[in-house]
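This report walks through a two-chain model, element by element. Have the sequence and the 3D view open while reading.

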Amino acid sequence: MKKTILSLALVLATGLLFAQKKTTTSATISFDATTSLDKFPKADNKTVIASLDTKNGKLAFEATIKSFTFSNPKIQEHFNSTGWMDSDKFPTATFKGVIKDGKKVSYTKDGVYDVTVSGDLTIHGVTKPVEAQATITVSGGVIKTTSEFTIKLEDYGVNGGAIAAGKVAKEPKITVAADF
Amino acid sequence: MLTTKITKGYKKWLIALFVLLLAGGAVIWWVFNLKYADTADVKADYTVNAVDFIKEFRTDMAAANKKYSEKIIIVNGTVSEIEMADTTANIKMIDTTANDAYVIFAFQQQHVAEAKAMRKGDKVSIKGSCSNGLFSDILETEYITFKRCAVNK
């Protein structure tokens, strides 16, 4: 009887340890829209929700727009205003996609894997397909994912005088990182 | 006589323009050099208990967001998890009786060490700027995010 209970507990524990859908609520997204004229439009968000399904390579992110933190209160105010991100109307930015070449990643063995991620990125209520290079590092049971890419703000209906005036980059650099 | 009057009027306008430019420059310099104050020194708008706070958002998300979004709030509760985020640490308070809905606190750079010193189960008081509350499609539960946090002393 004891052996049966022990075996069941072991099976359950193993199942939990290697659960396929892994999540975090502390992924980070940073963006850098600085130009030679303005060093202020950059921010980061460290409370992003992310999930990774290690079986099928599905990857998802949810970022609260109001959680992007700037050093300057006025710039943060502008960022959230109706003329920019309109964060009351569009409170999140999301990504839903898949690791295209996920089969080459072994999530149970330490290693570094360069992969391609593709999916739908929704910002400011506009959804566009995107594709980016990413790195997956498996080390001691922790899966680290990182990616850097750029987006065109006008593709997402984000326009403003500051972009035309060269104070905000037309194509800011986005950096995403999540540990599972 | 007429030339002197014109010169004097011209000078007045020139001085006025110079003063205006100076004032404008000062305003621009002030705006661009604004920085957030240390949250530890900012007066809180509300003091809440974490479980009641989560319940308020779950009951009426829109009303709670209207009331708390971008306000400085002191949240008293128990640390459920400490999550590393890049080089910093986030503190989470989870209501396990409410579908694991949670509040998460990202700390101001100068207060990150305070977050790292916390342990699961600690009863803490955290002050920060409430971003807003939302429903997560990924986690299928409600969550509330805070930024620029510090330990409330």
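## Helix α3 of chain B

In α3(B), three residues are buried: A64(B), N65(B) and Y68(B). Buried means 20 or more other C-beta atoms within 10 Å of the residue's own; exposed means 12 or fewer; partly exposed lies in between; C-beta atoms are placed from the backbone. The three buried residues cover an arc of only 100° around the axis, so they sit on the same side of α3(B). That arc is taken over the directions from the helix axis to the C-beta atoms. The other side of α3(B) holds A62(B), A63(B) and K66(B), which are exposed.

What do the buried residues of α3(B) pack against? Their partners are β1, α2, β2 and β6 of chain B. Helix α3(B) spans residues 61–68 and lies across β1, β2 and β6 of chain B. It runs at about 130° to β6(B). Just after α3(B), E70(B) has a positive phi of about 65°.

## Basis of the model

The model is predicted: local features need pLDDT of at least 70, side-chain atom pairs count only at pLDDT 80 or more, and totals for chains, interfaces and linings use all residues. Residues are numbered from 1 along each chain as its sequence is written, while chains are lettered from A and ligands numbered from 1 in the order in which they are written.

Helices (H or I, at least four residues) and strands (E, at least two) are DSSP runs, numbered from the N terminus. Two strands pair if DSSP finds at least two bridges between them. A contact is a pair of residues whose C-beta atoms, placed from the backbone, lie within 7 Å.

## The sheet of chain B

Seven strands of chain B form an open sheet with mixed pairing, in the order β1-β2-β6-β7-β5-β4-β3. At the edges stand β1 (46–49) and β3 (81–85) of chain B. Each has a single partner strand, so one side of each is left without a neighbour in the sheet. Neighbouring strands of this sheet are turned by 35° against each other on average, direction ignored. Helix α2(B), residues 50–59, packs on the sheet. It touches β1, β2 (72–78), β4, β5, β6 (123–136) and β7 (141–151) of chain B, and its direction makes about 95° with that of β1(B). Axes are lines fitted to C-alpha atoms, for helices over the stretch in contact, and angles run from 0 to 180 degrees between N-to-C directions.

Strand β4(B), residues 88–95, is joined to β5(B) by six bridges, and the two run antiparallel. M93(B) has V103(B) as its bridge partner in β5(B).

## I104(B) in strand β5

I104(B) belongs to strand β5 of chain B, residues 101–107. Is I104(B) buried or exposed? I104(B) is buried, because 27 other C-beta atoms lie within 10 Å. Beyond its neighbours within four places in sequence, I104(B) contacts residues of both chains: T25(A) and T47(A), plus N90(B), K92(B), Y143(B), T145(B) and F146(B). D60(B) is 44 residues from I104(B) in sequence and 19 Å away in space, C-alpha to C-alpha.

## Where the chains meet

The contact takes 25 residues from chain B and 24 residues from chain A. On the chain B side, α1 (2–32), β3, β4, β5, β6 and β7 each supply at least two residues. β6(B) gives the most, with four residues. The chain B side divides into eleven nonpolar, seven polar and seven charged residues. Here Ala, Val, Leu, Ile, Met, Phe, Trp, Tyr, Cys and Pro count as nonpolar, Asp, Glu, Lys and Arg as charged, and the others, Gly among them, as polar.

Chain B is divided into domain 1 (1–34) and domain 2 (39–151). These bounds come from an automatic or database domain assignment. The C-alpha centres of the two domains lie 49 Å apart.

## Chain A

Chain A has three helices and eight strands. From the N terminus on, its elements run α-β-β-β-α-β-β-β-β-α-β. Of its 180 residues, 33% are buried.

Strand β1(A), residues 21–32, pairs with β8(A), residues 173–179, in the antiparallel sense over five bridges. In β8(A), K173(A) is the bridge partner of D32(A), and T175(A) stands opposite S30(A). β1(A) also pairs with β2(A), residues 42–53, antiparallel over nine bridges. There K21(A) stands opposite D53(A). Strand β7(A), residues 142–150, is joined to β8(A) by seven bridges, again antiparallel. F149(A) stands opposite I174(A) in β8(A).

Definitions and conventions: Contact = placed C-beta atoms within 7 Å.
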